[in-house]
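This briefing covers the overall build of a protein chain and one feature of its surface. Please look over the sequence and the model before reading on.

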Amino acid sequence: TMRNMFRYKKRALMTIIGVAGCASLLVTGFGLRDSMDGVAEKQYGELFRFESMIVLQKETDDMDSALKERLSTAGLEEPLLIHQSAYTVVADGRNMGAYLVVPELLPEFEDYYTLRDYKQGTPLSLGGDGVIITQKIADIFSLQVGNNVTIRDGSGNTCELKVKGVTENYTSNYIYMDPALYESTFGNVVSYNTVVANYTGEESAIGKSLINSDTALNIVFTKDLVQQILDSNESLNSIVVLIVVVASLLALIVLYNLTSINISERTREIATLKVLGFRSMETNAYIYREALVLTILSILVGMGLGVLLHGLVLALIESDEALFFRQIKWWSFAMSFGLTLLFSLIMQFITFFKLQTIDMVESLKSVE
């Protein structure tokens with residue numbers, strides 16, 4: 001088997017390239033599914049733990065009794081005031097939208113927001129002379145702890161903020177700042193324009209109550225956001241299916257053609273084996289053993305290529321507002337390996353009957 005593999009080097013190389021391409025596409029397809037699955041649930045269940053976000057009609061300096069009463073009547077529980085405003089992160093001619101988030105109370109803020117280092121997973125907390133930015137901002141602008149990030153408001157005013165930490169985040173971009181730093185940076189007291197809270201009751205009733213009482217301009221429920229993200233991922237799921245189908249067709253075509261070429265070029269050799277008394281299974285194994293060894297080698301090469309291709313595709317489909325998991329689960333590798341090997345076995349079964357049609361006398365009469 002090894003002699004024949006090295007004897008027909010071009011065919012072996014064609015097999016490795018074709019089957020490795022198939023395996024790498026399968027790894028990429030299944031890996032994209034792994035990278036998308038659970039992103040919405042992690043963002044709005046683990047990193048953001050509030051159930052609703054209410055944009056107030058009027059900004060306020062604190063949670064007064066009247067506002068608290070209106071929120072409680074609507075069915076909201078444990079409300080927390082935050083200041084959230086849109087800014088643009090700028091550097092080296094590039095810009096990216098981000099929300100500046102300033103909470104009223106830090107202990108309650110930690111109940112609703114999980115800030116943790118995106119590499120090590122260690123907890124991060126607000127305070128001191130720096131801000132915490134999300135990982136997409138850090139990646140795009142090559143920022144690290146200790147660097148300065150420049151932000152610009154809608155009026156064109158800019159300011160520099162020291163980066164204290166980089167937190168894990170997958171949807172939108174945020175800059176987190178404590179109230180004391182906000183006041184010292186911008187020179188005015190924080191005005192809060194948003195409330196995050198949990199709730200009981202029907203969403204429609206809560207929304208109607210807050211809108212009718214002139215409390216809220218807009219209300220967003222996190223479970224609706226999760227559903228929107230899942231719906232948008234459906235279009236990507238169709239791309240994953242397309243990749244898997246194309247990879248499967250590629251494997252079938254490549255393996256069939258190469259096996260057929262292998263048989264047609266070696267009919268005299270196969271006929272000689274039959275004349276010498278080799279049984280059908282022994283003759284088939286003589287050919288298919290090579291194909292099986294090359295297929296397994298090709299799959300292993302394709303696994304490595306698939307990891308590289310998966311990273312490249314993720315970089316292309318991600319936007320400034322979205323980030324996916326950088327992961328390929330073990331069963332995706334197992335499924336890619338198993339499917340490619342299955343295609344090889346199917347091709348061996350199909351070409352088995354082609355071997356039976358080789359005429360020994362005519363083949364031995366032919367000139368190589």
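In the protein chain, 79% of the contacts with a separation of 6 or more are between residues 24 or more positions apart. The model is predicted. Its secondary structure consists of 13 helices and 9 strands. The radius of gyration of the protein chain is 31 Å, well over the 21 Å that the globule rule gives for 368 residues, so the chain is more spread out than a compact globule.

**Dimensions and burial**

- The C-alpha trace of the protein chain spans about 100 × 45 × 30 Å along its principal axes.
- Buried residues make up 46% of the 368 in the protein chain.

**Nonpolar surface patch**

- Helix α12, which covers residues 330-356, gives the patch its largest share, with 5 residues.

**Ile-346**

- Ile-346 counts as partly exposed because its relative accessibility is 34%, and partly exposed lies between the cut-offs of under 20% for buried and over 50% for exposed.

Methods. Residues numbered from 1 in each chain as written. Predicted model: local features only at pLDDT ≥ 70, side-chain atom pairs only at ≥ 80, totals over all residues. Heavy atoms only, no water. Helix = DSSP H or I, 4+ residues; strand = E, 2+ residues; numbered from the N terminus. Buried < 20%, exposed > 50% of the residue type's maximum accessible area, 1.4 Å probe, protein only. Rg over C-alpha atoms; globule rule 2.2 N^0.38 Å. Contact = heavy atoms within 4.5 Å.
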